[in-house]
Amino acid sequence: MRTEEMRLDGNAAAGTLRELFARDVTAAIATCAGCGAEGPIGRLLEYGNGMGVILRCPSCETAVLRVVRTPRWLRVDASGLSLLAIPESVVIS
Amino acid sequence: MAGTTLPGRLIWQVATVTDVRDETPRARTLVLDVPQWPGHRAGQHVDVRLVAEDGYQAQRSYSIASAPGDTSVALTIERIDNAEVSPYLCDVLHAGDGLEVRGPIGGYFVWDIAQGGPLFLVAGGSGIVPLMAMLRHYARATAADRASIPVRLLYSSRDWDDVIYRKELERLAELPNVDVRFTLTRAAPAGWNGFRRRIDRAMLEQVAGPASDMPRVFVCGPTPLVESVSAVLVELGHDPSRVRTERFGPTG
């Protein structure tokens with residue numbers, strides 16, 4: 001688990017998120033189920049390690065999205081994400 | 001819906017290293033030939049995966065240094081002592097070797113000439129890499145496009161030998177609308193009259209330009225630098241939605 005000075009952000013999770021979503025979602029706007037704050041996935045704080053991704057709200061630290069890789073599963077906990085608005089793109093991303 | 005394209009799957013592929021180039025004592029550029037590379041946007045990265053003989057896997061992300069439009073993909077890697085991946089990429093890998101990559105990845109920390117400016121780029125250490133792709137993209141734009149977009153770079157490094165792309169940045173600084181400022185945090189060459197400290201509020205007040213110019217800001221490098229610089233820029237009145245950040249983790 002990363003400490004504060006080691007934390008990354010949603011950009012670092014973008015490759016893993018491409019396994020879930022058909023397109024890049026770092027520019028998509030996520031609404032935090034904890035506090036209602038809205039912002040791009042790229043601005044969420046990333047605290048994961050080799051086994052997965054934990055994206056936290058920069059306003060309240062709620063885990064907005066968790067993706068954990070086990071030998072047989074890709075486990076996605078999106079309970080901290082109440083809305084995701086993905087922009088339509090006209091460029092292959 | 002004219003112009004809407006379905007994105008392709010992002011798959012792991014074996015790229016071939018075609019060239020390696022030492023940039024500084026600590027940083028090396030790998031030039032890769034990636035099969036069916038679709039092109040990329042400035043600021044995007046690739047994921048790199050190494051698999052040991054015992055099956056152990058290590059994965060890291062590296063920003064693409066090359067300009068959009070190049071057929072090969074250049075990654076500049078800073079060697080971190082005792083780390084798992086960068087010593088292999090910097091010391092062992094050579095032309096002809098294969099490397100598993102997937103990409104291009106990213107859609108937030110990206111800039112295209114069509115987005116306009118002004119552009120304010122802030123780099124700490126290897127954080128210069130994605131910003132260099134943006135600068136190389138800018139340098140290839142028409143004179144008319146460049147004339148409408150002033151660009152300023154503030155680049156923090158330990159010392160003068162650690163400045164990645166130093167000569168190229170000095171050449172870019174000669175373009176009419178481009179301003180490059182270096183700050184050195186540990187040691188400076190004789191006669192240095194640039195900044196000699198970590199980036200702070202006073203430096204940003206001096207270099208960033210007024211918030212009313214509404215620049216598009218991109219900050220990249222070690223996490224502490226990125227977080228303090230972006231917080232100060234917001235304090236100085238910059239719109240948070242126009243300050244984009246990419247954290248590289250702890251200082252190497």
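Guide: We can go through the chain contact, a sheet, the domains and the core. This is a predicted model.

Visitor: How many residues of chain A are in contact with chain B?
Guide: On the chain A side there are 22, and they meet 22 residues of chain B. Strand S1 (8–9) and helix H1 (14–17) of chain A each give two or more residues to that side.

Visitor: What classes of residue does that side of chain A have?
Guide: The side of chain A that touches chain B has 9 nonpolar, 6 polar and 7 charged residues.

Visitor: Now the sheet. What is the strand order in chain A?
Guide: The order is S1-S4-S5-S6-S7, in an open sheet of 5 strands with antiparallel pairing. S1 and strand S7 (74–77) of chain A are the edge strands, and each pairs on one side only.

Visitor: What holds strands together in general?
Guide: Backbone hydrogen bonds pair the strands of a sheet, either parallel or antiparallel.

Visitor: And how many bridges join S5 to S6 in chain A?
Guide: There are 5 bridges between strand S5 (residues 52–56) and strand S6 (residues 63–69) of chain A, and the two run antiparallel. As one example, Gly52(A) has Val68(A) in S6(A) as its bridge partner.

Visitor: Over to chain B. Which domains does it have?
Guide: The domain assignment gives domain 1 (13–105) and domain 2 (113–247) of chain B. Their C-alpha centres lie 24 Å apart. The contact between them takes 17 residues from domain 1 and 14 residues from domain 2. On the domain 1 side, those residues divide into 7 nonpolar, 7 polar and 3 charged.

Visitor: Which residues touch the most other members of the largest nonpolar core?
Guide: Leu75(B), Leu121(B), Leu131(B), Met134(B) and Phe218(B) do, in a core of 79 residues. Helix H2 (residues 128–139) of chain B gives the most to this core, with 8 residues. Domain 1 and domain 2 of chain B both give residues to the core, so it lies between them.

Visitor: What is Leu75(B) in contact with?
Guide: Leaving aside neighbours within four places in sequence, Leu75(B) is in contact with residues including Thr29(B), Val46(B), Tyr62(B) and Ile64(B).

Visitor: Back to H2(B). Is that helix largely enclosed or open, and why?
Guide: H2(B) is largely enclosed by the rest of the structure, because 11 of its 12 residues are buried. Among the buried ones are Leu131(B), Met134(B), Arg136(B) and His137(B).

Visitor: What span should its 12 residues have?
Guide: At 1.5 Å a residue, H2(B) should span 16 Å, and its end C-alpha atoms are 16 Å apart, which agrees.

Definitions and conventions: Residues are numbered from 1 along each chain as its sequence is written. Chains are lettered from A and ligands numbered from 1 in the order in which they are written. This is a predicted model: local features need pLDDT of at least 70, side-chain atom pairs count only at pLDDT 80 or more; totals for chains, interfaces and linings use all residues. Two residues are in contact if their C-beta atoms, placed from the backbone, lie within 7 Å. Helices (H or I, at least four residues) and strands (E, at least two) are DSSP runs, numbered from the N terminus. Ala, Val, Leu, Ile, Met, Phe, Trp, Tyr, Cys and Pro count as nonpolar, Asp, Glu, Lys and Arg as charged, and the others, Gly among them, as polar. Two strands pair if DSSP finds at least two bridges between them. A nonpolar core is a set of buried Ala, Val, Leu, Ile, Met, Phe, Trp, Tyr and Cys residues joined through C-beta atoms within 7 Å. A residue is buried if 20 or more other C-beta atoms lie within 10 Å of its own, exposed if 12 or fewer, and partly exposed in between; C-beta atoms are placed from the backbone. Domain bounds come from an automatic or database domain assignment. The expected span of a helix is 1.5 Å times one less than its number of residues.
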